[in-house]
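Biologist: Could you put the model up so that we can go through it together?

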Amino acid sequence: MKKQLLLFAFSALALTSCEDDDIEAYELDMMKGDWKTSKIEIISGKDDKTVIFSETPSGCSVKDNTQFRTDYYTSYTSYSGTGADCQPNQTVEGTYTYDPDTKDMTITYNDGSALQYRVVILTNSELKLMQLAGNIDVDGDQIVDNNYITYKR
């Protein structure tokens, strides 16, 4: 009986310690790498469904790149030019924080600007962020509308 009780206690301890306590590391690993902006949207704050504005990058902005690393480093490189002659225009670097429970992310660039987002979708091929601060009422219904940025690999 003591052996069974000891076995049960050990099993319970092993099962609780096997629980994935490091969700943040897993999600940061999925987030790491280079991401291209695939869509920018403004969605109605009233129902969070109605698309008020949608833009798909074109021209050289198709090459714009956001990079995340697991050491909380981030960079954004924009491209400009004419036709097929696209050159890096500007690169800004910084750091970010990420809370796996709330899915909130704050990106602070070296110029001091800080942007707050919530991760809405995170897969190996898609990252969708909702901007949390600085949004305005675009459609005039007295309700602040939501800005979303979708990235693809």
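Predicted model: local features only at pLDDT ≥ 70, side-chain atom pairs only at ≥ 80, totals over all residues.

Biologist: Which residues of helix 2 are buried?

Modeller: In helix 2 (residues 23-31), Glu27, Leu28, Met30 and Met31 are buried, meaning under 20% relative accessible area with a 1.4 Å probe and protein chains only. Helices here are DSSP runs of H or I with at least four residues, and strands are E runs of at least two, numbered from the N terminus.

Biologist: And where do they sit around the axis?

Modeller: They lie on the same side of helix 2, because they cover an arc of only 160° around the axis, taken from the directions from the helix axis to the C-beta atoms.

Biologist: What comes after helix 2?

Modeller: Glycine 33 follows helix 2, with a positive phi near 120°.

Biologist: Switching topic, how do strand 4 and strand 5 pair?

Modeller: Strand 4 (residues 73-82) pairs with strand 5 in the antiparallel sense over ten bridges, where pairing requires that DSSP finds at least two bridges between the strands. The two form a hairpin with two residues between them, and glycine 83 in that turn has a positive phi of about 60°.

Biologist: Which residue is the bridge partner of tyrosine 76?

Modeller: The partner of tyrosine 76 is valine 92 in strand 5.

Conventions: Residues numbered from 1 in each chain as written. Heavy atoms only, no water. Buried < 20%, exposed > 50% of the residue type's maximum accessible area, 1.4 Å probe, protein only.
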